[in-house]
Amino acid sequence: MRVTIFGTGYVGLVTGACLAEVGNDVICVDVDADKIERLNHGEIPIYEPGLEMIVTRNHQAGRLQFTTDAASAVDHGEVQFIAVGTPPDEDGSADLQYVLAVADTIATHMNDYTVVVDKSTVPVGTADRVSQAVAQRLTARGVDIPFAVVSNPEFLKEGAAVEDFMKPERVVIGSDDEQALEVLRALYSPFNRNHDRLITMDVRSAELTKYAANAMLATKISFMNELANIADRVGADIERVRVGIGSDPRIGYHFIYPGAGYGGSCFPKDVQALGRTAQQVGYEPALLNAVETVNDRQKGYVFEQIQSHYNGNLKGCCFALWGLAFKPNTDDMREAASRRLMEALWAEGAQVQAFDPKALEETQRIYKDQSQLTLCETAEAALEGADALVIMTEWNVFRSPDFGHIQDTLAAPVIFDGRNLYDPVDMAEMGFRYYCIGRPS
Ligand code: UGA
């Protein structure tokens with residue numbers, strides 16, 4: 001099938017590469033000429049396991065092309081995916097200007113029946129607005145070309161994006177247009193083997209399904225963070241509690257890890273946007289508000305522990321920081337808990353020596369003029385001359401470090417662990433002052 005994809009961010013690039021991988025002829029369009037040029041030279045703008053290989057393979061095979069030429073790209077595709085960003089507005093609502101601009105572009109250049117697919121995470125009602133934008137432009141052109149707008153939200157996780165796309169748990173398709181449903185069924189058939197993973201529904205339900213999934217996951221995390229704070233105060237161990245409740249299949253073991261608060265480009269933005277949608281229709285989303293409040297508080301938790309350990313006097317202190325990305329296996333720093341922590345430490349006059357296996361370049365880009373930050377090439381280098389170690393991302397390489405070396409290198413054996421990587425009893429036995437989340441230490 002001939003496919004066009006607008007937007008070469010996480011979702012667009014992964015969708016394009018994976019659809020090409022199963023034999024489709026894909027053109028990815030972006031307004032960012034620099035990005036398109038880099039992609040055409042085999043440079044992948046994000047770190048995502050497995051992505052470089054399939055982009056390169058399919059690009060070389062001619063099944064995956066990158067362009068800024070929207071007119072020829074629209075002409076190419078039987079299916080047109082909209083996978084551009086929906087950044088939060090000042091009030092937290094999703095900003096739809098890029099989505100609607102793409103709808104207009106598609107309608108400006110299309111000549112035959114076209115299936116327009118909303119892949120970006122967009123508020124309920126967006127497909128209707130995209131339909132209106134397309135219809136308006138077609139009327140202005142004085143042409144009557146049939147089209148359908150379908151909602152097909154993406155559920156991939158950063159760090160596992162290619163695998164999630166190639167082996168989806170479900171493919172949600174919202175449409176009441178039979179022809180469009182057939183086109184998407186055919187497009188997704190290579191990913192829909194063994195048992196049917198396609199879930200079809202009306203457009204609005206599909207749009208809400210995406211927010212519902214992320215809001216549910218964010219709720220689980222905030223719930224566990226709240227319980228961790230209670231566990232802390234009543235002398236219980238949240239890790240034991242986690243195993244205890246996770247064994248109930250109705251609760252499950254997934255997404256109940258307490259930590260330094262959720263980050264990333266999705267949960268914070270989507271919980272907020274769903275809340276704004278609710279308010280716009282006259283419903284005060286008490287639970288969603290609480291999920292956000294708890295997360296916001298949690299993001300300040302490790303800093304509070306540090307401040308209390310040093311009696312509020314952090315001026316001149318130097319902290320080794322392991323982990324900058326919002327989670328392991330990505331270089332994404334959006335809404336990362338490490339950022340809140342570093343900014344709070346700098347405001348108190350402390351220095352940070354940070355290491356991350358993949359996010360150093362991105363951190364450098366964000367904080368290029370920050371004199372209180374030193375980026376280190378190894379985890380060990382970050383420890384040199386530091387007063388204590390702080391862990392903010394649970395990369396596997398941090399799980400079993402040389403504790404003797406940490407002890408010898410730090411000015412004092414103190415670790416603040418925002419991800420509960422180590423056993424508090426072992427740490428105490430080794431002589432560490434070990435701060436973690438919701439565990440007696
Ligand atoms: C999330 C969803 O998991 C995907 O299903 C969804 O498609 C995606 O958003 C999206 O809307 O595009 P992602 O943001 O890549 O994916 O990251 P997650 O793995 O969900 O982690 C989000 C945050 O929650 C991270 O900061 C992580 O550290 C935190 N987290 C996760 C916890 O604190 N505890 C947990 O138990 C799990």
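Phe 255 is partly exposed, because 15 other C-beta atoms lie within 10 Å, a count between the limits of 12 or fewer for exposed and 20 or more for buried. The model is predicted. Phe 255 sits in the loop between helix 10 (238–246) and helix 11 (267–280). Its phi is near 60°. That value is positive, and the residue is not a glycine. Most residues other than glycine have a negative phi.

Asn 420 also has a positive phi, of about 50°, and is likewise not a glycine. Asn 420 lies in the loop between strand 13 (414–417) and helix 18 (424–429).

Cys 266 is buried, because 22 other C-beta atoms lie within 10 Å. Cys 266 is also among the closest residues to the ligand.

The ligand is surrounded by 20 residues. Besides Cys 266, the closest are Glu 158, Tyr 257, Tyr 262 and Gly 264. By class, the shell comprises 11 nonpolar, five polar and four charged residues. Helix 9 (residues 203–234) supplies the largest share of the shell, with three residues. Both domain 1 (2–201) and domain 2 (211–297) give residues to the shell, so the ligand lies between them.

The domain assignment of the protein gives three entries: domain 1 (2–201), domain 2 (211–297) and domain 3 (300–435). The C-alpha centres of domain 2 and domain 3 are 24 Å apart. Their contact takes 10 residues from domain 2 and 14 residues from domain 3. On the side of domain 2 that touches domain 3, three residues are nonpolar, five are polar and two are charged.

With domain 1, it gives residues to the shell around the ligand.

Definitions and conventions. Residues numbered from 1 in each chain as written. Predicted model: local features only at pLDDT ≥ 70, side-chain atom pairs only at ≥ 80, totals over all residues. Near = placed C-beta within 6 Å. Helix = DSSP H or I, 4+ residues; strand = E, 2+ residues; numbered from the N terminus. Nonpolar A, V, L, I, M, F, W, Y, C, P; charged D, E, K, R; others polar. Domains from an automatic or database assignment. Contact = placed C-beta atoms within 7 Å.
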